[in-house]
Amino acid sequence: MTTDDTAPVRFDTKIAVLLRSDLETWQRLNVTAFLVSGLGAELPEVIGEPYADADGTPYLPMFRQPVLVFEGTKETLTAAHGRALSRSLPRSVFTSDLFATGNDRDNRAAVRAVPGDDLDLVGLAVYGPRNAVDKVLKGARMHP
């Protein structure tokens, strides 16, 4: 007998990160962490319930659904950025300029200094209906 507590959980939304394929491993990890933090801060519905172990030690909540990570060329990122904007999907960006800054204020200033069409994107996170996110990611492939 299947109860609601044991039925598989399916999501009609998707959280996805698109990374530029020429990043170093440490950059991929850093960019991914920064990008998804924006989604969690702005969209409380993507956050699940807090965790606790068998001893009752509490842990912070995490995303309620998987984060899918993709990679693509600079051109793929630029196209995905445009598609995310045209669909008005929640998104966060990471540009190559952010590797040279060391704090949040300077990060925001670096992005603000460049027109959207000229951003040197190395990462993009997007959230929305599965179908719309899939269209944004057209041309990208799952991260190896």
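## Strand E6 and its partners

In this predicted model, Phe94 has Gly123 in strand E6 as its bridge partner. Strands here are DSSP runs of type E with at least two residues, helices are runs of type H or I with at least four, and both are numbered from the N terminus. Strand E5 (residues 91-95) pairs with E6 in the antiparallel sense, over five bridges. Two strands count as paired if DSSP finds at least two bridges between them. E6 also pairs with strand E1 (residues 13-20), again in the antiparallel sense, over seven bridges. In that pairing Lys14 stands opposite Gly128 of E6.

E6 covers residues 121-129 and is mostly covered, with eight of its nine residues buried. A residue is buried if its relative accessible area is under 20%, exposed if over 50%, and partly exposed in between, using a 1.4 Å probe and protein chains only.

## The sheet and its helices

Strands of a sheet pair through backbone hydrogen bonds, either parallel or antiparallel. The sheet here is open and has five strands in the order E5-E6-E1-E4-E7, with mixed pairing. E5 and strand E7 (141-142) are at the edges with a single partner strand each, so one side of each has no neighbour in the sheet. E1 and strand E4 (residues 67-72) pair in the parallel sense over six bridges, and Val17 stands opposite Val69 in E4.

Helix H1 (residues 25-42) packs on the sheet and touches E1, E4, E5 and E6. The direction of H1 makes about 145° with that of E1. Helix H2 (residues 74-86) also packs on the sheet, touching E1, E4, E5 and E6, and its direction makes about 35° with that of E6. These angles run from 0 to 180 degrees between N-to-C directions, with axes fitted to C-alpha atoms, for helices over the stretch in contact.

In soluble globular proteins, nonpolar side chains tend to be buried together.

Leu35 touches Val17, Leu19, Ser92, Val93, Phe94, Gly123, Leu124 and Ala125, leaving out residues up to four places away in sequence. A contact means heavy atoms within 4.5 Å.

## Salt bridges

The structure holds eight salt bridges. A salt bridge is a side-chain nitrogen of Lys or Arg within 4 Å of a carboxyl oxygen of Asp or Glu. One of them joins the side chains of Asp134 and Lys14, at 2.3 Å from N to O. Asp134 lies in helix H4 (residues 130-136) and Lys14 in strand E1, so this pair ties together parts that are 120 residues apart in sequence. Lys14 is buried, with a relative accessible area of 7%, whereas Asp134 counts as partly exposed at 39%.

Another salt bridge joins the side chains of Arg28 and Glu71, at 2.9 Å from N to O. It links distant parts of the chain, with Arg28 in helix H1 and Glu71 in strand E4, 43 residues apart. Arg28 is buried at 14% relative accessibility, and Glu71 is buried at 3%. Asp22 forms a salt bridge with Arg20, the closest N and O atoms being 2.9 Å apart. Arg20, Asp22, Lys74 and Asp120 are linked in a network of salt bridges.

## The chain overall

The chain has four helices and seven strands, which run β-α-β-β-β-α-β-α-β-α-β from the N terminus on. Of its 144 residues, 33% count as buried. Among contacts with a separation of 6 or more, 75% are between residues 24 or more positions apart.

## Notes on the values

Residues are numbered from 1 along each chain as its sequence is written, and side-chain values use heavy atoms, with hydrogens and water left out. Because the model is predicted, local features need pLDDT of at least 70 and side-chain atom pairs count only at pLDDT 80 or more, while totals for chains, interfaces and linings use all residues.
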